[in-house]
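Hello,

Here is the structure for you to look over. My notes follow below it.

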Amino acid sequence: MARASAPPRAWQRMLSGRRLDLLDPSPLDVEIEDIAHGLARVARWNGQTQGPHSFSVAQHSLLVEAIADHLNPGWSDQWRLMALLHDAPEYVIGDMISPFKVVMGDAYKAVETRLLGAIHLRFGLPAAAPAPLKRKTKEADTIAAFLEATQLAGFARDEALRYFGRPQPLPRAVTVLLEPLDTQSAQDRFLERFAALNSG
């Protein structure tokens, strides 16, 4: 009698020792140190950026949260924390560029949504972000994409305007976050910002 083959492994082992199931992620298997470690080592734009270091998703997350904070000064720490974590699933599934997400369709989005829900629950946030928060975070994300595209990824301004629209001016305290950092610095800054927003 033939032995039934085991189902393929769908979990990722983290440095914390946690095993995160991608198909059925548990908040109990989510650790902020794993998230920060992973995001600091995932490159935006598939690594096609200028500078001595790649521009990581950890830095992108800091930039988006800072832009959202600038545009929405009345936001609570909880909403700013959700903005910081908007790309957190990429610590385990990587940063897939938008054109490839279109090719992949709903399968990628479903995995990403489940992971983000587990991450939110782990840190006492609603599993799904409120619609106004999602909309405003997407606005900040698009502005960040324009800045990254033109200052790091080699896009001409006219080309970036066509894809991302015209961003509003931002203070130096925000745009300084575009300077690519080494991996450890990006990881540390992400953890510091998380701790500041999650202290309540």
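**What was found**

Along the sequence, the chain runs β-β-α-α-α-α-α-α-α-α-α-α. That makes 10 helices and 2 strands (DSSP runs, H or I of at least four residues for helices, E of at least two for strands, numbered from the N terminus). The radius of gyration, taken over C-alpha atoms, is 17 Å, close to the 16 Å that the globule rule gives for 200 residues, so the chain is as compact as a globular protein of that length. The rule is 2.2 Å times the number of residues to the power 0.38.

This is a predicted model: local features need pLDDT of at least 70, side-chain atom pairs need 80 or more, and totals for chains, interfaces and linings use all residues. Numbering starts from 1 along each chain as its sequence is written, and side-chain values use heavy atoms, without hydrogens or water.

Of the 200 residues, 43% count as buried (under 20% relative accessible area; exposed is over 50%, partly exposed in between; 1.4 Å probe, protein chains only).

Now the aromatics. The whole structure holds 6 aromatic pairs (ring centres of Phe, Tyr or the six-membered ring of Trp within 6.5 Å; planes under 30 degrees apart are stacked, over 60 edge-to-face, the rest tilted). Trp 45 and Phe 164 pair edge-to-face, at 6.3 Å centre to centre and 90° between the planes. Trp 45 sits in the loop between α1 (32-39) and α2 (57-71) and Phe 164 in helix α8 (residues 157-164), so the pair ties together parts 119 residues apart in sequence. Phe 155 and Phe 164 form a tilted pair, at 6.1 Å and 50°. Trp 45, Phe 155, Tyr 163 and Phe 164 form one aromatic cluster.

Best wishes
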